[in-house]
Amino acid sequence: MQKVSVESVLSGFMAPSGSGSLLERAYVDAVERVDDNDELRARILDAAYEQFCRMGIRRSTMEDVARRAKVSRITVYRRFQSKDTLVEHVVRREFRRYFDRFLIDIEQAGTAADRVVLGFVSSLRAIRGNPLIGGLIVSEPDLLVPSMMTDGGQTLATVREFVAGQLRREQRTGNVSAALDADLVAEMMVRVSTSFLAIPSAVIDLDDDEQLVTVARRFLVPMLEP
């Protein structure tokens, strides 16, 4: 019961699971502003996040999390039936925070083009800089791409729908042409962004925001033209 593989973690937030992937549910939580008012549950999630970041998911046990949260192991199991369930909720909360940050960041931009640029840079920075999610990408890169390719396109579809929704919002306010194929443009933007996350670049320094801005303005912004 204490063992969990990185493969199961990746498939958990990338592949369909029940009512949707973790990514989908995290997005819904962010859009609907779902809050967790269970203080003990939040405390356990905080402890699990810190434990996973410090020791890794594979080497961490429910006992480790309970000790860090200063509660009994039984208390942890009452809130989360298994380690897989706990990991799922920790990862989901991190993606929820990512979507929250993304929505806040793009509001600071004055034009649709600026929002595309800021969204691109913000996304790469937030995901790569996250100690847990970014850590999985760095430590298990050989698992990331296969997971994304074998989930039936569910992960890309979820993010594409999110981006397409933002583009349609721009269309409704007259900032982007109504003739724009929002789904197709969103698909291309997401695939470009995902490739940078999944495959290291020898040409572009992903830690250099100026380079990312240049890439976004040169290749992504022109996509706003129908």
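Helix α7 passes helix α11 in a right-handed crossing, meaning that the near helix is turned clockwise from the far one by less than a right angle. This is a predicted model, in which local features need pLDDT of at least 70 and side-chain atom pairs count only at pLDDT 80 or more, while totals for chains, interfaces and linings use all residues. Residues are numbered from 1 along each chain as its sequence is written, and side-chain values use heavy atoms, with hydrogens and water left out.

Let's stay with this pair of helices. Two packed helices are described by the angle between their axes and the distance between the axes. Here α7 covers residues 112–129 and α11 covers residues 182–198; they pack at about 30°, with axes 11 Å apart. The axes are lines fitted to C-alpha atoms over the stretch in contact, and the angle, on a scale from 0 to 180 degrees, is taken between N-to-C directions. Helices are DSSP runs of H or I with at least four residues, numbered from the N terminus. Angles under 35 degrees count as roughly parallel, and α7 and α11 are therefore roughly parallel to each other.

Which residues meet where α7 packs on α11? From α7 come Val116, Phe120, Leu124, Ile127 and Arg128, and from α11 come Met189, Val192, Ser193, Phe196 and Leu197, with contact meaning heavy atoms within 4.5 Å. These divide into 8 nonpolar, 1 polar and 1 charged. In this scheme Ala, Val, Leu, Ile, Met, Phe, Trp, Tyr, Cys and Pro are nonpolar, Asp, Glu, Lys and Arg are charged, and the others, Gly among them, are polar.

Arg128 leads us on to the salt bridges. A salt bridge here is a side-chain nitrogen of Lys or Arg within 4 Å of a carboxyl oxygen of Asp or Glu, and the count comes to 13. In one of them, Arg128 pairs with Asp207, with the closest N and O atoms 2.8 Å apart. This pair links distant parts of the chain, 79 residues apart: Arg128 sits in α7, and Asp207 in the loop between α11 and α12. Arg128 is partly exposed because its relative accessibility is 34%, whereas Asp207, at 60%, counts as exposed; the cut-offs are under 20% relative accessible area for buried, over 50% for exposed and partly exposed in between, using a 1.4 Å probe and protein chains only.

An α-helix has 3.6 residues a turn, so residues three or four places apart point the same way. Arg191 counts as partly exposed at 43% relative accessibility, while Glu187 counts as buried at 19%.

Now let's turn to helix α4 (residues 62–69). Its buried residues are Met62, Asp64, Val65, Ala66 and Ala69, and their cover includes α3 (39–55), α5 (73–79) and α6 (83–106). Lys70 follows α4 and has a positive phi, near 60°. Elsewhere, Glu50, Arg54 and Arg68 are linked in a network of salt bridges.

Finally, look at Leu40 in helix α3, which is partly exposed at 24% relative accessibility. Not counting residues up to four places away in sequence, Leu40 touches Val71, Thr75 and Arg79. The C-alpha atoms of Leu40 and Val71 are separated by 9.2 Å.

How values were computed: Helix = DSSP H or I, 4+ residues; strand = E, 2+ residues; numbered from the N terminus. Parallel < 35°, antiparallel > 145°, perpendicular 65-115°, else oblique.
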